[in-house]
Amino acid sequence: MRVFVAYGSSQVAARVIFALQRIPSVRFVGQSRDASGSLSSIRTSKPDVVLLVAIHLEAQSFRRLLEDVREIRPVPKIFLLTAQSCEQYKKEYRRIGADQVFDTSTEFNAMIELFQHGRVMAEQGISGGEL
């Protein structure tokens, strides 16, 4: 599956990329350090999954990026990895477009396991090996 990573924290992004690049079905098609530069790259690279590592992304620009990515056709899956673990924040992120929201400190491994077991794209009928 084709994955694009937008991040605010290079340390966390490096950890994510290191973990995901070990999965044969994952192919990175781009990355961006800021929300404002990400949208055009996401449109061009046509990822299956956009992974937002929003540890230090500026809140307003991140929110706008999340909403804008939802307008891309076909709509990629949008995963958010954040330090905001409160259920209230998770609900709000899902409301504005995130498919899954993961807490960096407690759900990092669960997110990686979704990619490992091919469950990321399962509801769209796409297995990791087909991409």
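Biologist: How many residues has the largest nonpolar core, and which have the most contacts inside it?

Modeller: A nonpolar core is a set of buried Ala, Val, Leu, Ile, Met, Phe, Trp, Tyr and Cys residues joined through side-chain atoms within 4.5 Å. Buried means under 20% relative accessible area, exposed over 50%, and partly exposed in between, with a 1.4 Å probe and protein chains only. Here the largest core has 23 residues, and Val 16, Met 111 and Phe 115 have the most contacts inside it. At least two residues of this core come from each of strand 1 (2-7), helix 1 (10-20), strand 3 (49-53), strand 4 (77-82) and helix 5 (104-116). Helix 1 gives the most, six residues. A second, separate core of 19 residues includes Leu 39, Leu 65, Ile 72 and Val 101.

Biologist: What are the ground rules for such values?

Modeller: This is a predicted model, in which local features need pLDDT of at least 70 and side-chain atom pairs count only at pLDDT 80 or more, while totals for chains, interfaces and linings use all residues. Residues are numbered from 1 along each chain as its sequence is written, and side-chain values use heavy atoms, with hydrogens and water left out.

Biologist: What pattern does the protein chain follow along the sequence?

Modeller: Helices (H or I, at least four residues) and strands (E, at least two) are DSSP runs, numbered from the N terminus. The pattern is β-α-β-α-β-α-β-α-β-α, with five helices and five strands. Of the 131 residues, 47% are buried.

Biologist: Which residues of helix 2 are buried?

Modeller: In helix 2 (residues 35-45), they are Ala 35, Ser 38, Leu 39, Ile 42 and Ser 45. Seen down the helix axis, these buried residues fall within an arc of 150°, so they line one face of helix 2. The arc is that of the directions from the helix axis to the C-beta atoms. Ser 36 and Thr 44 are exposed on the face turned away from the buried side.

Biologist: Which side chain of opposite charge is nearest to Asp 103?

Modeller: Lys and Arg count as positive and Asp and Glu as negative; His and the chain ends are not counted. A salt bridge is a side-chain nitrogen of Lys or Arg within 4 Å of a carboxyl oxygen of Asp or Glu. For Asp 103, the nearest such side chain is Lys 90, 5.7 Å away; Asp 103 is buried and has no salt bridge. Asp 103 is in strand 5 (residues 100-103).
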